[in-house]
Structures are given as structure tokens and as C-alpha cells.
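Visitor: I would like to go through this model and ask what each label rests on. Please set the values against the cut-offs.

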Amino acid sequence: LVENAVKYAVEPDRRGGRIVIECRRRDASCEIRITDSGDGFDPEAAIEGFGIGGVRQRLELNYPGAHRFEFTCTQGCTLTIEIPIC
């Protein structure tokens, strides 16, 4: 997911960019957030590639119905994953 942020947000911008990776405990779960400084995009209109699709599939296999995976893309993108702490 960080590789996607580099490839699609930082690399195309001649000035470079910024990626912030955060991980924190939220009650009985772990929230991981990756935010980039790219131009953003419409996640509903984007074609989901192997990387994102693979992450979605692995989350569902490992945490069926007990995880969260979402994009917020306006100015830059934020991808949030929340999984239970075992």
C-alpha cells in the first residue's frame, strides 16, 4: 500500500511528496492509516489493481467480517485498515 502511494502520488510529482504512516490501538483493534500528498482520485471510478484487491482479499480471509478497509481521497488519499487485536 505504501508502494502504491509512492507510485501514484509521490513519483508523478516533480516536487516529490509526502507519505505518513500511522498505527494506533483503538479499543480491541489496531488501526493502520496511510496518507499521501497526491492529487487524490475518485475511488469509486478507479480500477482496482492487484495490490489493493489482494489486500482486500487477505483481510477478508484472515478477519472475515471483523475488519475495515476504506479510502478517502480528496486532496491526497488516506487508506485506513482496522483489524482486531488477537
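Visitor: Why is E31 called buried?
Guide: In this predicted model, E31 has a relative accessible area of 2%. Buried means under 20%, so E31 is buried.

Visitor: What makes E31 and R26 a salt bridge?
Guide: Their closest N and O atoms are 3.6 Å apart. The cut-off is 4 Å between a side-chain nitrogen of Lys or Arg and a carboxyl oxygen of Asp or Glu, so the pair E31 and R26 counts as a salt bridge.

Visitor: Why does R26 count as partly exposed?
Guide: R26 has 38% relative accessibility.

Visitor: Which salt bridge does E31 form with closest N and O atoms 2.8 Å apart?
Guide: That one is with R68. E31 lies in strand 2 (residues 29–36) and R68 in strand 3 (residues 68–74), so this pair ties together parts that are 37 residues apart in sequence.

Visitor: Is R68 buried or partly exposed?
Guide: R68 is partly exposed, because its relative accessible area is 24% and buried requires under 20%.

Visitor: What makes E82 and R68 a salt bridge?
Guide: The N to O distance between their side chains is 2.8 Å, and the limit is 4 Å. E82 has 16% relative accessibility and so counts as buried.

Visitor: How do R68 and E82 relate in the strand pairing?
Guide: E82 in strand 4 is the bridge partner of R68.

Visitor: How many salt bridges are there by this rule?
Guide: The count comes to 7. A network of salt bridges links R24, R26, E31, R33, R68, E70 and E82.

Visitor: How do you know that C73 and C77 form a disulfide?
Guide: Their sulfur atoms are 2.4 Å apart. A disulfide requires two cysteine sulfur atoms within 2.5 Å, so C73 and C77 qualify. A search of the whole structure finds 1 disulfide.

Visitor: Why is the disulfide of C73 and C77 called right-handed?
Guide: The torsion about its S-S bond is about 120°, so the disulfide is right-handed. C73 and C77 are both buried.

Visitor: Are C23 and C30 buried or exposed?
Guide: C23 counts as exposed because its relative accessibility is 55%, and exposed means over 50%. C30 has 17% and therefore counts as buried.

Visitor: What makes up the largest nonpolar core?
Guide: This core has 8 residues: C30, I52, V55, L59, F69, L79, I81 and I83. A core is a set of buried nonpolar residues joined through side-chain atoms within 4.5 Å. Helix 2 (50–62) and strand 4 are the elements that give two or more residues to this core. Not counting residues up to four places away in sequence, V55 touches L1, F69 and I81.

Visitor: What makes strand 3 and strand 4 a pair?
Guide: They are joined by 7 bridges and run antiparallel. Pairing requires at least two bridges, so the two strands pair. They form a hairpin with 1 residue between them. T72 stands opposite T78 in strand 4.

Visitor: Why are strand 1 and strand 3 at the edges of the sheet?
Guide: The sheet is open and has 4 strands in the order 1-2-4-3, with antiparallel pairing. Strand 1 (19–26) and strand 3 each have a single partner strand, so one side of each is left without a neighbour in the sheet. On average, neighbouring strands are turned by 15° against each other, direction ignored.

Visitor: Where does helix 1 lie?
Guide: Helix 1 (residues 2–10) lies across strand 1 and strand 2, running at about 145° to strand 1.

Notes
Residues numbered from 1 in each chain as written. Predicted model: local features only at pLDDT ≥ 70, side-chain atom pairs only at ≥ 80, totals over all residues. Heavy atoms only, no water. Buried < 20%, exposed > 50% of the residue type's maximum accessible area, 1.4 Å probe, protein only. Contact = heavy atoms within 4.5 Å. Axes fitted to C-alpha atoms, helices over the stretch in contact; angles between N-to-C directions.
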